[in-house]
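Below are my notes on this model, as numbered points. Please read them beside the coordinates.

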Amino acid sequence: MKSVYAFFTRIAAIAGKEFRQLRRDRLTGAMIVGIPLMQILIFGYGINMDVRHLRAAVADNARTSASRALIADLEAGQVVRFVQTVPGAPELRELLAEGKISAGLYIPPDFERRRLDGDRPIAQLMIDGSAPGVADPLRALMNLPPLERSGIRPALQRTLPGGQRTLEVLTEYNPERRTPVQIVPALIGVILSMTMVIFTAVSLVRERERGNLELLITTPVRSVELMIGKLAPYVVVGLIQTTIILITGVLLFDVPINGNVVQLYLGATLFIAATLALGLVISTLVQTQFQAMQLGFLTLLPSILLSGFLFPFDGMPVAVQWIAQGLPLTHFNDIVRGVILRGADLSQLLPSVTKLSVFLVCAVSLAALRFRKRLG
Amino acid sequence: MAESRAAGAAGEEGAATRGAAASDNGFAIEAHDLTRRFGKFTAVDHVTLEIPRAHIYGFLGPNGSGKSTTIRMLCGLLTPTEGRIRVLGLEVPRDAEALRRKIGYMTQKFSLWDDMTVAENLHFIARIFTLDSARARRRIGEVTEEFHLKELSNRLAGTLSGGQRQRLALAAATLHEPELLMLDEPTSAVDPQSRRDFWESLFALAARGTTVLVSTHYMDEAERCHRLAILSRGKLVAEGPPEKLMDELPLHVIEVQSHDTEGAREVLRGLPQVKSQAQLGLRLHALIDRAASDPAKLVRDALRGASVSAEVNAVRANLEDVFVAATLGTSRD
């Protein structure tokens, strides 16, 4: 009991000290507000990318040779890759909400009649509009050269004259397909990555350079207490930045927040802590603040490029996907898009939440283990 | 003298000190064959020490003599390459964590936080040592009083003068009432008046039963210590109370006063019995082999032979002579 009290007292002491120092540091204070604001204004405008191999699911309620040909043709186009077959449209919606697929193909039971009648779209493609770069190539599918390989083109061409669509495309979550709607939520993670890693990456070396650490390690403070104490204040800073980005996103870019705000903040807290912990690990590896900055930025670029911020995750080679799995930002992007745009529940995003938690615990432990209360 | 100091220690700290002292032969620190190598360089070379409780124990040596490395090993910051250490009855580095609550450590460089006020720094240290709020308030009040920090309470530590910083550092190091205080060159950035005040504080602490280990390269400071270890190139070359070291110097000390110090130096350099000489203003101190039967006459005759007019007297060794004599074997430049 007493040791628990001491544990929290020392964490609070370190955290309080960090807060106090942060409050005195006017420039950093200004940057906490200024950086996210600037970034969101600069990057708030869109980027579109060509994509391939998006994960998709299919609900084939027709089960005819023509419906199978349709599926094969869509897959042959390499934009989508069907990874799952489900019974019906509700299941497709669920998979979309969970972020497991980017598109869902629904083939209705009356597919054959629609095909022959030729006055209605023969099937429906549901698209996840929340991910950047995904919606546009998928929408292009609706102008698919109708079913070449299946040999039924003549029939379709006869019945679907003059540019009529083969597929009806239904964009979920971002019907107007505005890029800011996809970019702004993703920017939360990118901006936080930029600021958070550096905060903690320099925090230990700064104290080493100023000579504070030699005193600190002769006190009873334990490594893990030091790590948590150093991390905690910046979680608050991160949440402030999250709020700034969200407010700007809603006011300036009309980003809808479809999900639960509390859950969004829970996810953000987890991500911020994980990123700060990564910074702490860096701090235990380096000797100077300069080295800390270098290494901190080194983690930034992969985060931006591989996390699905710019390029859809599914388009990457498997090896790169593995690297991306090790980046907190990948999982946070999943959470943030899920909650903000798809209105998903954290329980639906459990894999990402779990991976972030594991990352956090591992990184804090690693930092605490690496940080020796010794000089040599 | 030392015993009366220890006995004079009052309160629970004193009782704890005496209780532990019974099981430790009265030594706050025991180190045997302490050695630390950094690659090929041996910073500390088989140093054996016994430091009695409630003493002010000095480490005297030039920069690079191994003072800081020894202190860091004694408080568990550095792992010795060889040797055994017991501090306050605890095995170091094994029990280094348990030792942290019992020692206060003051680094060579000011190591409190520049961007926090004096009061904030002290509060932080109190919380890190988990002093309960009543004790924290009492102790912060006491050290603020003792080290004259009251009017500086709301000043940022970074804006303090050298002497003020050092008072703050000592206040912080003693806040949790440690049994043992380790001070690594505490007065290197401080004016003479502040140094005197600082030593007054150390004597007061020792009188209350605190063992103080202090490293210095100032002779006058070393002379104030109850006991002294002279380190040179990582080796312990002399040990004992300063008075005793001066009395028992195994060399004659001859003082030469002359207006022609250059000429006198030249003459002394030519004498094989002169082990070392140092100039102090117009005076020269020559250390001469014990074997010489009348060293003053030896020097006087040599100077007369070279027609250098000088006054020559045998004098009592001062600490600098002890230091020079002790380091003769290990460093010769």
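Which residue in strand 14 of chain B does Glu255(B) stand opposite? Point 2 gives the answer, after the conventions.

1. Conventions. This is a predicted model, in which local features need pLDDT of at least 70 and side-chain atom pairs count only at pLDDT 80 or more, while totals for chains, interfaces and linings use all residues. Residues are numbered from 1 along each chain as its sequence is written, chains are lettered from A and ligands numbered from 1 in the order in which they are written, and side-chain values use heavy atoms, with hydrogens and water left out. Helices (H or I, at least four residues) and strands (E, at least two) are DSSP runs, numbered from the N terminus.

2. Glu255(B) stands opposite Asn313(B). Strand 11 (residues 251-257) of chain B and strand 14 of chain B are antiparallel and share four bridges; two strands count as paired if DSSP finds at least two bridges between them. They belong to an open sheet of four strands with antiparallel pairing, in the order 12-13-11-14. Strand 12 (274-280) and strand 14 (311-314) of chain B are at the edges with a single partner strand each, so one side of each has no neighbour in the sheet. Direction ignored, neighbouring strands of this sheet are turned by 20° against each other on average.

3. Helices on that sheet. Helix 11 (residues 261-269) of chain B packs on the sheet and touches strand 11, strand 12 and strand 13 (283-289) of chain B, its direction making about 165° with that of strand 12 of chain B. Helix 12 (residues 295-305) of chain B also packs on the sheet; it touches strand 11, strand 13 and strand 14 of chain B, at about 40° to the direction of strand 11 of chain B. Contact means heavy atoms within 4.5 Å. Axes are lines fitted to C-alpha atoms, for helices over the stretch in contact, and angles run from 0 to 180 degrees between N-to-C directions.

4. Six-stranded sheet, chain B. This open sheet has the order 6-7-8-3-9-10 and mixed pairing. Its edges are strand 6 (103-106) and strand 10 (235-240) of chain B, each with a single partner strand, so one side of each is left without a neighbour in the sheet. Strand 3 (residues 56-60) and strand 8 (residues 211-216) of chain B run parallel, joined by five bridges. Phe59(B) has Ser215(B) in strand 8 of chain B as its bridge partner.

5. Helix pair, chain A. The axes of helix 11 (residues 261-285) and helix 14 (residues 328-340) of chain A come within 10 Å and cross at roughly 170°. These two helices of chain A are therefore roughly antiparallel, a label for angles over 145 degrees. Contact residues include Phe271(A) of helix 11 and Phe332(A) of helix 14 of chain A.

6. Interface. 29 residues of chain B are in contact with 27 residues of chain A. The chains bury about 2800 Å² between them, 58% of it on carbon and sulfur atoms; buried area is the accessible area (1.4 Å probe) that two parts lose on being put together, summed over both. Leu77(B), Trp113(B) and Ile128(B) supply 22% of the area that chain B buries against chain A, more than any other three residues.

7. Confidence. The model scores ipTM 0.77 and pTM 0.74. Chain B averages a pLDDT of 87, with 91% of the residues at 70 or above; pLDDT is the predictor's confidence in each residue, from 0 to 100. Over residues 1-23 of chain B the pLDDT is below 50. Where pLDDT is low, the predicted coordinates should not be read in detail.

Terms used:
Angles under 35 degrees count as roughly parallel, over 145 as roughly antiparallel, 65 to 115 as roughly perpendicular and the rest as oblique.
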